[in-house]
Amino acid sequence: MIVGRRQTEKPIRWAMVGGGGTSQIGYVHRSAALRDRTFDLVAGAFDIDPERGRAFGVELGVAPERCHADYRALFAAEAARPDGVQAVSIATPNNTHYAIAKAALESGLHVVCEKPLCFSVAEAEELKRVAADKRKIVGVAYGYAGHQMIEQARAMVAAGELGDIRLVNLAFAHGFHSAAVEETNPATKWRVDPTFAGPSYVLGDLGTHPIYIAETIAPHLKIKRLLCARQSFVKSRAPLEDNAVTLMEYDNGAFGTVWCSAVNAGSMHGQKVRIVGAKASLEWWDERPNQLSFEVQDEPVRILERGMGYLARQATAEDRIGAGHPEGLFEAWANLYGRFAVAMEATDRGDRGRLANLRYPDIDAGVEGVRWVEACVRSAEAGGVWIDYR
Ligand code: NAD
């Protein structure tokens, strides 16, 4: 089923904070949000450097008077306009997410925020409270979760095709920071500084992605306790880790492992999700996102392909180009942005029916990511001990 239609009535008037011309992730946000015209980019505070941000906004086609020096000026000016923005995406370093997201919600805006949502569970719960109070949504940029084969894996687990889930084997382990590249790369420099990155590096930067994917595929699994050990192989990164291994016990008796690393020399992305049941396993790898490996004990491996008629309905609901053509990161993110837009429109209309059938990485997913990082750090700091999760 090829879906090329906008899922919302009108484009949502949208701004960005951060994601400037030299940023790593800004382009992906814009590609995703603008792809189906669910959003129109009409304002922003795109850069820590106001002049550079203004010039970049104008280059993108934003009116000069709507390119602001910082998020406070942006929210104040937009609130005063009859055609002011309805939503904002926050693509700045981690230390700013909480203050910007809170200010945006208090200004009556829907929010899409980068991960990790903030530094502590207390902050995340506060954002949840303000969002509920203001009746606005918070979407979290767990972009890989928008790949269609994640929906297929979820449907297969729900249908019992794997049997009882026994093992959850997760990894996001790349090699790009095997050396101290932060000496010359500003986007890595802030990631290894706790002032900007928060209490962790790879746990928050990488681990929160497969953790959310596992929650999506097997939502019935709840972490009971975990143990984390973390290391700084590039010594100057301490106390932040560039490698970490987490063990997790789930309350149904399943066992999980998560390997997060930025020093897995030679690896590209290395994000893999393997779910092992009593009868069969599923494996998904973000470098080949159009395929899902389905491995039944005593049978040949089956590689399921995106876009095919044999997939579950949910796995083809966001198909854009049909089977055989590879979809990728931009489409995965656009799928999530599409769902964010539907959630924003339905929330503003009070359309409970539409919201009931919609799933996207929401404020609860943001809170859970922060809770997982916080627990991992607590375990690692105590010497790598088992700790209760809740
Ligand atoms: P970056 O350092 O490359 O870019 C940060 C951008 O934010 C720059 O344009 C900078 O000028 C701007 N900025 C910084 N402080 C600002 C402020 N106070 N107001 C306005 N603009 C400001 O960082 P990045 O790699 O793009 O990461 C940004 C965020 O995105 C981080 O939270 C990171 O964890 C997240 N991220 C997520 C993914 C993902 O897959 N979801 C991938 C990469 C980065």
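How many bridges join strand β4 to β5? In this predicted model, strand β4, residues 110-113, is joined to β5 by 3 bridges, and the two strands run parallel. Within this pairing, V112 is placed opposite G139 of β5.

The pair belongs to an open sheet of 5 strands with parallel pairing, arranged in the order β2-β1-β3-β4-β5. The edges of the sheet are formed by β2, residues 39-45, and β5, residues 138-140, each of which pairs on one side only. From one strand to the next, the twist averages 25°. Helix α1 packs on this sheet, where it touches β1 (12-18), β2 and β3 (87-91). The direction of α1 makes about 175° with that of β1.

Helix α1, residues 26-35, also packs with helix α11, residues 329-349. The axes of the two helices are 8 Å apart, and the packing angle is about 60°. Angles under 35 degrees count as roughly parallel and those from 65 to 115 as roughly perpendicular; α1 and α11 are therefore oblique to each other. Their crossing is right-handed. On the α1 side, the contact is made by Y27, V28, H29, S31, A32, A33 and R35. These residues meet L329, F330, E331, W333, A334 and Y337 of α11. Sorted by class, the contact of α1 with α11 comprises 9 nonpolar, 2 polar and 2 charged residues.

The UniProt record, an unreviewed entry, assigns residues 154-386 to the feature "domain: Gfo/Idh/MocA-like oxidoreductase C-terminal". In the model, this span is 33% helix and 24% strand. A distance of 29 Å separates the C-alpha atoms at the ends of residues 154-386.

Antiparallel pairing is found for strands β10, β11 and β12. Strand β10, residues 271-277, pairs with strand β11, residues 280-285, over 5 bridges in the antiparallel sense. In this pairing, I275 has L282 of β11 as its bridge partner. A hairpin through 5 residues joins β11 to β12.

Conventions
Residues numbered from 1 in each chain as written. Predicted model: local features only at pLDDT ≥ 70, side-chain atom pairs only at ≥ 80, totals over all residues. Heavy atoms only, no water. Axes fitted to C-alpha atoms, helices over the stretch in contact; angles between N-to-C directions. Helix = DSSP H or I, 4+ residues; strand = E, 2+ residues; numbered from the N terminus. Parallel < 35°, antiparallel > 145°, perpendicular 65-115°, else oblique. Left-handed = near helix turned anticlockwise from the far one by under 90°. Contact = heavy atoms within 4.5 Å. Nonpolar A, V, L, I, M, F, W, Y, C, P; charged D, E, K, R; others polar. Pairing = 2+ DSSP bridges. UniProt positions renumbered as here; feature names shortened; annotations may be inferred.
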